[in-house]
Amino acid sequence: MPRRLMIGLVLAVAACAPRGAITLAPEAAGIGTVERIYVASNRTLQDSRQEGVSFGRVDVSVPPQRRPGTITYPKKGATPDPQTDFLVSDYRRFARPEDFRADLRRAVAERPRGDRDVVLFVHGYNNTFAEGLYRFAQIERDLKLPGVPMHFSWPSRGQPLAYAGDRDSVLYSRDGLARSIQIATEAGGGKAILVAHSMGALLMMESLRQMAIAGDRRTLDRIGAVVLLSPDIDVGVFRSQARAIGRLPQPFIIFTSGRDRALNLSALISAEPVRLGNLTDARAVADLPVTLVDVGAFSSGDGHFNVATSPALMRILSQARELNTVFSSDVAGGVGPLTQTALRVERAAQVVISPGF
């Protein structure tokens, strides 16, 4: 099949798949459970890059009629249903970073003592603004995370074939995330718990590395934990980042799965045998102060983002208070055979032809 035709077919199939979008419905606050998420972002609502970081506060209504671990969006052309759909019941954009800081500090101060951490979540590859936001709200609701939730939304293109573009957006976003981590650690009352998924883990490590090189140990030392979920990072790059950071925040937990097909595909695109997120042998990082947790036994589907959609594992983690964090799943995590073939073709170093395709 000619390359252009094959890629066009993939794009057509991808375009048919429903994607998350923000739907404002103030009345949903009286029906669903409202999760208030503080948001820092260097992307527009159209998922393109913007100069600088904007700050806001979003109230997400989590519908009562759904299975744990799932997210339902309004059907195209249909009236949103607060009983079944994730909706935004209120949104506030802060004109100045100082106003955002003040509001975040108030939210932290209103929490009971011992529950005043800021949990900062960074989404992964192929996520729209709405998908990352709603996924974090779902996790907040289902796993009852402690602390005040804060989401950093970087300008992923939200397209399955934009893998290289998303990597560039990670580099573009390092300053924005570093600034957001500083704000999270300065909120007072507790520490910042940093949680990043997939390619978002690469962004997290790059920002921590940048802060260490700049000598910002004050911020780094106020990080209460780092949790990388299925990190899409080259193992050698991770080791280099860890050396540059120096004293890693503790605890530093890496959740991996050898059955993560999305990361296996990432390894193929990168012409590497393995990614950090699908390590099954801890010896590659055994000399670093990190804890590897293999959750492959809980994998389902393509194995990527498997934790938040596994009720059994959700219950286990919700009882593990020492972790103070959770996994995430993503509606855009699935990578089908057409996309896999297209990404193989897009590799600059080699064109792979699958017999019988």
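Colleague: What is left out of the side-chain values, and which pLDDT do side-chain atom pairs need?
Modeller: Residues are numbered from 1 along each chain as its sequence is written, and side-chain values use heavy atoms, without hydrogens and water. In this predicted model local features need pLDDT of at least 70 and totals for chains, interfaces and linings use all residues, while side-chain atom pairs count only at pLDDT 80 or more.

Colleague: Is Leu208 buried or exposed?
Modeller: Leu208 sits in helix H6, residues 199-213; helices (H or I, at least four residues) and strands (E, at least two) are DSSP runs numbered from the N terminus. Buried means under 20% relative accessible area, exposed over 50%, and partly exposed in between, with a 1.4 Å probe and protein chains only. The relative accessible area of Leu208 is 0%, so Leu208 is buried.

Colleague: Which residues does Leu208 touch, not counting those up to four places away in sequence?
Modeller: Contact means heavy atoms within 4.5 Å. With residues up to four places away set aside, Leu208 touches Ile181, Leu194, Leu220, Ile223, Val226 and Ile245.

Colleague: Where do the buried residues of H4 fall, seen down its axis?
Modeller: In H4, residues 163-172, the buried residues are Tyr163, Gly165, Asp166, Ser169 and Val170. The arc is taken from the directions from the helix axis to the C-beta atoms. These buried residues line one face of the helix because they fall within an arc of 155 degrees.

Colleague: How many salt bridges does the count come to?
Modeller: Side chains of opposite charge can pair when their charged atoms come close. A salt bridge here is a side-chain nitrogen of Lys or Arg within 4 Å of a carboxyl oxygen of Asp or Glu. One of them joins Asp47 and Arg43 at 2.9 Å, N to O, and both of these residues are buried. By this rule the count is 15.

Colleague: What is the relative accessibility of Arg96, the salt-bridge partner of Asp99?
Modeller: The side chains of Asp99 and Arg96 meet at 2.9 Å, N to O. Asp99 counts as partly exposed at 25% relative accessibility. Arg96 also counts as partly exposed, at 47%.

Colleague: Which strand gives the most to the lining of the largest pocket?
Modeller: On a 1 Å grid over the protein atoms alone, a pocket is an open set of points where a 1.4 Å probe fits, with protein on both sides within 12 Å along at least five of seven lines, and lining residues have an atom within 4 Å of a point. The largest pocket is lined by 21 residues, and Ile22, Thr44, Leu45, Tyr91 and Phe129 lie nearest its centre. With 5 residues, the strand that gives the most to this lining is E2.

Colleague: How far apart are the C-alpha atoms of Ser61 and Gly32?
Modeller: Ser61 lies in strand E2 and counts as buried at 0% relative accessibility. Ser61 touches Gly32, among others. The two are 29 residues apart along the chain, and their C-alpha atoms are separated by 5.0 Å.
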